[in-house]
Protein chains: 2
Amino acid sequence: MRATLMYGPGDIRVEDVAEPALEQPTDAIVRIVRSCICGSDLHPYRSMSASVDGTRMGHEFLGVVEDTGREVRGVRKGDLVVASFAFQDNTCDLCRANLQTSCPHGGFFSDAQAEAIRVPLADGTLVGLPGDVDDALLPSLLTLADVYGTGHHAAVRAGVKPGDSVTVIGDGAVGLLAVLSAQRLGAEQIILMGRHRDRTDLGRDFGATDVVAERGAEGIERIRELTGGHGTHAALEAVGHLDAYETALATVRPGGVISRVGVPQYAQGPLGFGALFGRNLTLTGGPAPVRAYIDELLPAVLDGTVRPGRVFDRTIDLAGVPDGYRAMDDREALKVLIAP
Amino acid sequence: MRATLMYGPGDIRVEDVAEPALEQPTDAIVRIVRSCICGSDLHPYRSMSASVDGTRMGHEFLGVVEDTGREVRGVRKGDLVVASFAFQDNTCDLCRANLQTSCPHGGFFSDAQAEAIRVPLADGTLVGLPGDVDDALLPSLLTLADVYGTGHHAAVRAGVKPGDSVTVIGDGAVGLLAVLSAQRLGAEQIILMGRHRDRTDLGRDFGATDVVAERGAEGIERIRELTGGHGTHAALEAVGHLDAYETALATVRPGGVISRVGVPQYAQGPLGFGALFGRNLTLTGGPAPVRAYIDELLPAVLDGTVRPGRVFDRTIDLAGVPDGYRAMDDREALKVLIAP
C-alpha cells in the first residue's frame with residue numbers, strides 16, 4: 001500500500017510499504033477513508049534530523065474496519081469508525097479518570113497518512129459511526145480524532161464557564177477549535193490572537209468576540225485594553241513555542257489559568273514568583289484524552305449543528321501529501337484533508 | 001517602641017523606633033499581643049544584601065485595637081483582632097474572587113515583630129475575636145494570620161477531596177498545616193516528606209499516614225512504593241526551593257496537581273513535555289488569600305477541635321527575637337512565638 005514517510009526537514013515521500021496485519025488479538029485493521037496533516041507534524045517537518053529509513057507520519061484518521069482480532073468486541077468488519085490519535089485500553093484507572101493519553105498500555109499513532117492502519121486496543125480506541133453518514137460530514141467527524149478534542153481539552157482544563165473571558169493564542173486548527181469550545185462552554189468574551197485574516201474570520205464564526213493581530217508587548221497591551229486592564233480569566237495556548245507561553249502569562253488576570261495544548265517545544269521557562277506564583281496563576285493542559293470527549297462531542301457533529309470540519313480548507317490524495325505539508329508550512333493552507 | 005530590624009544575613013536587632021500613627025481614615029493601630037517568626041523570614045536571614053538602615057520584619061500578628069481612623073466601621077478600640085499577613089480592601093472584584101493577595105489596594109505587612117503596628121484598610125484586614133478568649137488559644141488563633149491559611153490554601157488549590165492521596169513536601173509549620181488541611185478535606189493517604197522526627201511526629205498527629213525521611217531519588221522511590229507505583233493525586237510544596245518542585249514533579253501521578261505555597265526562590269524551571277505537559281499535570285498555588293479562609297477556619301480553632309498552634313514550640317519576648325531567628329535557622333525550633 002502507499003504511505004507517507006518523512007526523511008528530513010521538508011523531505012516528505014509517499015512510498016510503497018507492507019500492508020498492515022493483525023498482530024494482537026485486540027487489534028483491528030482499518031482501511032482509511034480520511035486522514036489529514038496536523039500542525040504538530042510541522043515541528044519535525046522543520047527540524048527533524050535526517051533519517052536514512054524515514055519515519056511514518058500521521059495520527060488522525062477515520063475509516064472502515066477491514067479485519068479484527070479475535071478478542072475485539074466493539075467493532076466489526078465493515079463498520080465506519082473514528083479513532084482517537086492515541087490508542088488506549090479505555091478501561092484502566094487512568095482511562096476511567098479521563099487520562100487516556102497516560103494509559104500504561106496505550107501509545108500514539110504515527111502511521112495514519114496511508115491507505116490502511118493497524119489499530120492496537122481497538123475496543124478502547126475506535127468509536128463506531130453511522131454507516132450511512134453523508135460524506136460532507138466526514139471532515140467534521142475526523143476532527144474528533146484530534147483537533148476538536150484538543151481544542152475542547154484546552155477549554156475544559158481551563159475550567160471555562162459561562163461568563164468567563166478567554167484569550168486563545170494561535171489561529172491554527174486547534175486554536176480555532178479552542179475558540180469554538182470556549183464558546184460552547186459559555187465564555188462571554190473570547191479574544192483570538194492571530195494574524196491570518198481568513199483564519200481569524202473563521203474564528204469569529206466559531207465565536208471569537210475580538211481578534212488581536214498584534215504580537216508581543218503590543219498584543220498584550222491590546223488585550224489589556226479589551227479587558228478593562230485586567231486580562232482574561234483563562235488563556236488557551238495552542239502554539240507550543242515559549243513566546244506563546246510568555247504571552248499567556250501576560251494576558252491572564254490574577255487567579256487565572258493558562259491551559260496549554262500546543263506541544264511545548266521548550267523544556268525550561270519562567271514559573272517563579274513573577275511568572276506564576278505571585279498572582280496565583282494555574283498552569284495546566286497536556287495531550288488531550290480525546291477518546292474521553294468523542295461521545296460528548298459526536299451528536300452535535302452528526303446533526304450538523306457544530307461544524308469543526310470547517311478548519312479543512314484543502315483536500316488532496318496521498319500523492320498530494322508532500323505538497324500538502326508545504327502548503328501548511330507556507331501558511332497557504334490551514335489544514336489539509338487527505339482522501340487516500 | 002521596640003521593633004525588629006534585619007541588617008544583613010544573621011544580623012537581627014531589636015531597636016527603638018517611632019510609635020505607629022494613623023495615616024489614612026481607613027487605618028487602625030493595633031497593640032500586638034502575639035507575633036511570630038515565619039519560615040519565609042529565614043530566606044532574607046540567609047541571603048539578604050547588607051542594609052545600612054535595616055529592614056523591619058514580621059507579618060503575622062494578633063492584638064488589641066488601640067485607635068481607628070474615622071472611616072473604620074468593623075472594629076473598635078479594645079477589640080481583640082487577628083490580621084491576615086496581607087492587607088486588602090476585601091471588597092473589590094479580586095477580593096470577592098478570593099484573590100485578596102492580588103487586591104490592587106492591598107499590600108503585605110513587614111513590621112509585625114514589634115510592640116504595635118499600623119494596619120491599612122482595617123475593615124478589610126482585621127477579624128474580631130471574642131474578647132474573653134483563653135490565652136491558651138492565642139497561638140492557634142495567630143496561625144490564622146498566615147501558616148494555617150497557607151497550608152489550607154495549598155490543599156484547596158490542589159483540589160484535595162475525600163479519598164485522595166497527597167504528598168506534602170516540607171516539615172516546616174506550613175507543611176505540617178498542609179497535612180492538617182489535607183486531612184480536614186478528606187485525603188485518605190497523606191505522605192509527609194521530612195527529616196526531623198519531632199516535626200514528622202506532629203505531622204502524624206495532624207493526619208499524615210506515612211512519613212518519608214529520604215530525599216531525592218530515594219524519597220521518590222519510597223513514595224512510588226507507598227502508592228502502588230503511581231504517585232499521589234497531589235503534591236503540596238511548602239519549601240520554595242527548586243529541588244522541592246522537582247520532587248513534586250516526580251511524586252504526582254498523571255493528571256495530578258502540584259500546589260505550591262513555599263515562596264519560589266527560583267525564576268526558571270522545568271515545565272515542558274517531560275515535566276508537566278506530557279502527563280497533563282497542573283501547577284498552581286501562590287500567596288495564600290488567608291483573609292478568605294479565616295471565617296471558615298476560625299470556629300474549630302475557637303472551640304479547640306483543631307489546634308494548629310501546636311506548630312509553636314518556643315515562646316520569647318521581643319528581646320529574644322535575634323536568638324529566635326537563630327534557633328529556627330538552626331532547626332532547633334520549629335516556629336517561634338513572640339509575646340512582646
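How much area do chain B and chain A bury between them?

## The interface

Chain B and chain A bury about 2900 Å² between them, 58% of it on carbon and sulfur atoms. Buried area is the accessible area (1.4 Å probe) that two parts lose on being put together, summed over both. Leu271(B), Phe277(B) and Asn280(B) supply 27% of the area that chain B buries against chain A, more than any other three residues.

This is a predicted model: local features need pLDDT of at least 70, side-chain atom pairs count only at pLDDT 80 or more, and totals for chains, interfaces and linings use all residues. Residues are numbered from 1 along each chain as its sequence is written, chains are lettered from A in the order in which they are written, and side-chain values use heavy atoms, without hydrogens and water.

## Contacts and charges

In all, 34 residues of chain B are in contact (heavy atoms within 4.5 Å) with 34 residues of chain A. Salt bridges across this interface number zero; the rule asks for a side-chain nitrogen of Lys or Arg within 4 Å of a carboxyl oxygen of Asp or Glu.

## A strand pair between chains

Strand S16 (residues 268–270) of chain A pairs with S16(B). The pairing is antiparallel, over three bridges. Two strands pair if DSSP finds at least two bridges between them. Strands are DSSP runs (E, at least two residues), numbered from the N terminus. Gly269(A) stands opposite Gly269(B).

## A sheet in chain A

Chain A has an open sheet of three strands, in the order S2-S1-S4, with antiparallel pairing. S2 (11–16) and S4 (55–56) stand at the edges, each with a single partner strand, so one side of each lacks a neighbour in the sheet.

Key:
Helices (H or I, at least four residues) and strands (E, at least two) are DSSP runs, numbered from the N terminus.
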